[in-house]
Amino acid sequence: MEIIEKASAKINLALDTPYKHSDGEPEWNMVMTSIDVADYVRIVDNDSGKITVESDSLFLPEDHRNLAYQAAELIKCEFKIDLGVDITIRKNIPVSAGLGGGSSDAAAVLRGLNQMWNLNISLDKLAELALQLDSDVPYCIFSQTAKVSGRGANIETLHKLPSMYFVIVKPQISISTPQIIKKIDYKIINHKSVDKLVNSIDQDNYQKVVDNMFNVLEPISAKKYHDIVKIKNKLLAYGADNAQMSGTGPTVFGVCKTEQSAKHIFNSIRGFCSEVYLVHSL
């Protein structure tokens, strides 16, 4: 049997971490949305019992280090499945970019195997399992605008965003999420209100959504990687209504109300950075 799952990228419209748990893992309070940049994950079961992963990306591991591999392993162990699975990933989402590419691939495998092996797991239960892989995977199970809290498994889906366009810019650097998390100083972190953004989305108010976006990790990543600030300033100078880093970076996105404005920024910034995307939310 063969299944092909779409694995959409995500961006963080709001990202706060109120405190750190005793095991060192952050408590999250975020708003995420999915965008129309996506990987495609092909899943074929086999009788060997083995898991294989192939990808068209030179930067993606194809063994147990790959989250898609770990997702298949998790399902096999959890439900005592003897069958194996061959996973092929066609990458469109930049790697190590703060766009959730690996997490979305893993979520696609979980959804696909749930269907392929007739496991009848609810999305909520699948999200609980997904937390064993990475804090972004539960959100990627749903892949729609949502408030995400706890360690990442509490997903509250929200209203559709007002019409808006994003210019996504990925500089030629990679950032380790665990390293950034280690640098968080909870005594000086500048917490902001996620609920204000949620209310703005509920009101379908574009300007309020733009005004209430934030990412408390941006100053930490930007302190080490100066390209983040340079790109953000260029996006704003070219006319973005707001701009900020996604996740732990290094990707930065600008927000526009009209496609025409977004195209102007897209064309202006392409000379500065090679990986630039013009997208809208799903």
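**Entry 1: the cavity**

I looked up the largest cavity and listed its lining: Ile-175, Ser-176, Gln-179, Ile-180, Lys-183, Lys-224 and Tyr-225. The model is a predicted one, and I keep that in mind for every entry. I noted a volume of about 40 Å³ for the largest cavity. How many cavities of 30 Å³ or more are there? The count comes to 1. I then sorted the lining of the largest cavity by class and wrote down 3 nonpolar, 2 polar and 2 charged residues.

**Entry 2: the largest pocket**

Next I turned to the pockets. The largest pocket holds about 1,100 Å³ of space. Its lining is made of 44 residues, and those closest to its centre are Leu-67, Ser-103, Asp-134, Asp-136 and Thr-177. I checked which elements supply at least two residues of this lining, and found among them strand S1 (2–16) and strand S2 (28–46). By class, I recorded 19 nonpolar, 16 polar and 9 charged residues for the lining of the largest pocket.

**Entry 3: the second largest pocket**

I noted about 400 Å³ of space in the second largest pocket. Of the 19 residues in its lining, Asn-215, Val-216, Glu-218, Pro-219 and Ile-220 are the closest to its centre. Strand S8 (214–215), helix H8 (218–224) and strand S9 each supply at least two residues of this lining. Which element gives the most to it? I found that H8 does, with 5 residues. The classes in this lining come to 8 nonpolar, 4 polar and 7 charged.

**Entry 4**

I looked at one pair in detail. S9 and strand S10 (residues 252–256) run antiparallel and are joined by 4 bridges. Which residue in S10 stands opposite Asn-242? I found Val-255 there.

**Entry 5: helices on the sheet**

I then looked for helices against these strands.

**Entry 6: a hairpin**

I moved to strand S5 (residues 146–150) and strand S6 (residues 154–157), which run antiparallel and are joined by 4 bridges. I traced Ser-149 to its bridge partner in S6, which is Asn-154. S5 and S6 form a hairpin with 3 residues between them. In the turn, I noted that Gly-152 has a positive phi of about 130°.

**Entry 7: the whole chain**

Last, I looked at the protein chain overall. I counted 10 helices and 11 strands in its secondary structure. Its C-alpha atoms fill a box of roughly 55 × 40 × 35 Å along the principal axes. I compared its radius of gyration with that of a compact globule: for 282 residues such a globule would have a value near 19 Å, and the chain has 19 Å, so the two agree.

How values were computed: Residues are numbered from 1 along each chain as its sequence is written. This is a predicted model: local features need pLDDT of at least 70, side-chain atom pairs count only at pLDDT 80 or more; totals for chains, interfaces and linings use all residues. Side-chain values use heavy atoms; hydrogens and water are left out. Two strands pair if DSSP finds at least two bridges between them. On a 1 Å grid over the protein atoms alone, a cavity is a set of points where a 1.4 Å probe fits but cannot get out, and a pocket is an open set with protein on both sides within 12 Å along at least five of seven lines; lining residues have an atom within 4 Å of a point. Grid points are joined across faces, edges and corners, and a volume is the space filled by probe spheres set on the points. Ala, Val, Leu, Ile, Met, Phe, Trp, Tyr, Cys and Pro count as nonpolar, Asp, Glu, Lys and Arg as charged, and the others, Gly among them, as polar. The radius of gyration is taken over C-alpha atoms; the globule rule is 2.2 Å times the number of residues to the power 0.38.
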